[in-house]
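Open the model in your viewer and keep the selection tool at hand. The tour goes stop by stop.

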Amino acid sequence: MSVASVTTRATVPPRGAKAPRQKKEKQGRLAFWLLLPAGVAVFGVIIYPVIRTLIISFFDVNSALATVTPFVGLRNYTDVLTSGSFWAAMGRTLYFTLVSTALELALGLVVAGLLNAKLKARWLFRAVVVIPWAIPTIVNAAMWKGIFNAQYGALNAMLTQLGIIDQYQAWLGDPGTALNMVIFADVWKTTPLVAFFLLAGLNSIPGELYDSAKIDRASWPRIFRSIVLPMLVPSISIVLVLRTIEAFKVFDIIYAMTRGGPVNGTQTVAYYAYMTAFSDQKFGLGSALSFVIVLVILVLTTIYLRVLRRSEMSLL
């Protein structure tokens, strides 16, 4: 047998075996066709509307049927930033965001501690706690709107029977209390979600740390400050970022409970953008408002993360 025939037989792949390159190309084509529907959906639902909104923000679009839309550059953005109504809505939004997020974090930490305790029927307690979060936002808003009703609300009836108030109050009819009532409804619904995020962080803390702290006779405040809080910083970071984004662009519960009233007392910046774009038909101005909201959320998120990182370093 010649050397050439031996070399030829050695280089020829076995019958039925596929070349690695062809196999990779086939897998790549399969992955492309599998991901194509998701890519089209993401482009159609997210990317294209964002790009379209950005383009509209530079034009004077005052009607959905407008055929002529003059280019105005940054005028819509300057109109937004010099509007007193915008800054008033921004102030209410910041108040809603800070108060609701702080209450949800504080109450969520307490609830997470109870959920993490070794109690009988702990699974039942966890199932009951998740119910408020499972209720749709519109249903939650309608329920609390009925509870706060000035004529037949359950809150007025309870406070009157307890002797706390003498007569029924219009909780959603006064600008000074309406926003706080909406915050209460939002906190009631969202606290379970925060609690379960923090519960996941508590479950990740090794039990040996608690045992060592008990051996050293450390008090519970000391254990919380030195062990629990530093270990919960990643979970708290996630909660703060998610809740800041959601609270800052709050719309549905405002729409269902107060429609932004009374006297714009609950009109947040997202609701203000909605009214500007769809009620006033100022689509260019509404689009500029939307991107201003996005920029503010990015700034707040960055500040949160930096503050938490510094707090984590100081605790360690």
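Is the crossing of α4 and α9 left-handed or right-handed? It is right-handed. Keep in mind that this is a predicted model.

**Stop 1: two helices**

Select residues 84–116 for helix α4 and residues 175–203 for helix α9. Their axes come within 6 Å and cross at roughly 45 degrees. That angle makes α4 oblique to α9. Now colour the contact by residue type. The contact of α4 with α9 has 20 nonpolar residues, eight polar and three charged.

**Stop 2: an aromatic pair across the chain**

Show the aromatic side chains. The structure holds 16 aromatic pairs. Pick F58 and Y77 among them. The ring centres of F58 and Y77 are 5.8 Å apart, with 45 degrees between the planes, and the pair is tilted. F58 sits in the loop between α2 (20–56) and α3 (75–81), while Y77 is in helix α3. The two are 19 residues apart, and the pair links distant parts of the chain.

Which of the two residues is buried? Y77 is, because its relative accessible area is 14%, under the 20% cut-off. F58 is partly exposed, at 25%.

**Stop 3**

Move to helix α13, residues 269–279. Select Y274 and F278, which lie four residues apart there, about one turn of the helix. Their ring centres are 5.6 Å apart and their planes stand at 40 degrees, so this pair is tilted. Y274 is partly exposed, with a relative accessible area of 29%. F278 is exposed, at 53%.

Where does R259 lie relative to Y255? R259 is over the face of the Y255 ring, at 4.0 Å from the ring centre.

**Stop 4**

Finish in the loop between α12 (252–257) and α13, where P262 lies. Select G261 and P262: a cis peptide bond joins them, with omega about -5 degrees. Most peptide bonds are trans, and most residues other than glycine have a negative phi.

Next, check V263 and N264. V263 has a positive phi of about 50 degrees although it is not a glycine. N264 also has a positive phi, of about 60 degrees, and is not a glycine either. V263 counts as exposed, at 77% relative accessibility. N264 is partly exposed, at 41%.

How values were computed. Residues numbered from 1 in each chain as written. Predicted model: local features only at pLDDT ≥ 70, side-chain atom pairs only at ≥ 80, totals over all residues. Heavy atoms only, no water. Axes fitted to C-alpha atoms, helices over the stretch in contact; angles between N-to-C directions. Parallel < 35°, antiparallel > 145°, perpendicular 65-115°, else oblique. Left-handed = near helix turned anticlockwise from the far one by under 90°. Nonpolar A, V, L, I, M, F, W, Y, C, P; charged D, E, K, R; others polar. Phe/Tyr/Trp six-rings, centres within 6.5 Å; stacked < 30°, edge-to-face > 60°. Buried < 20%, exposed > 50% of the residue type's maximum accessible area, 1.4 Å probe, protein only. Lys NZ or Arg CZ within 6 Å of the ring centre and 35° of its normal.
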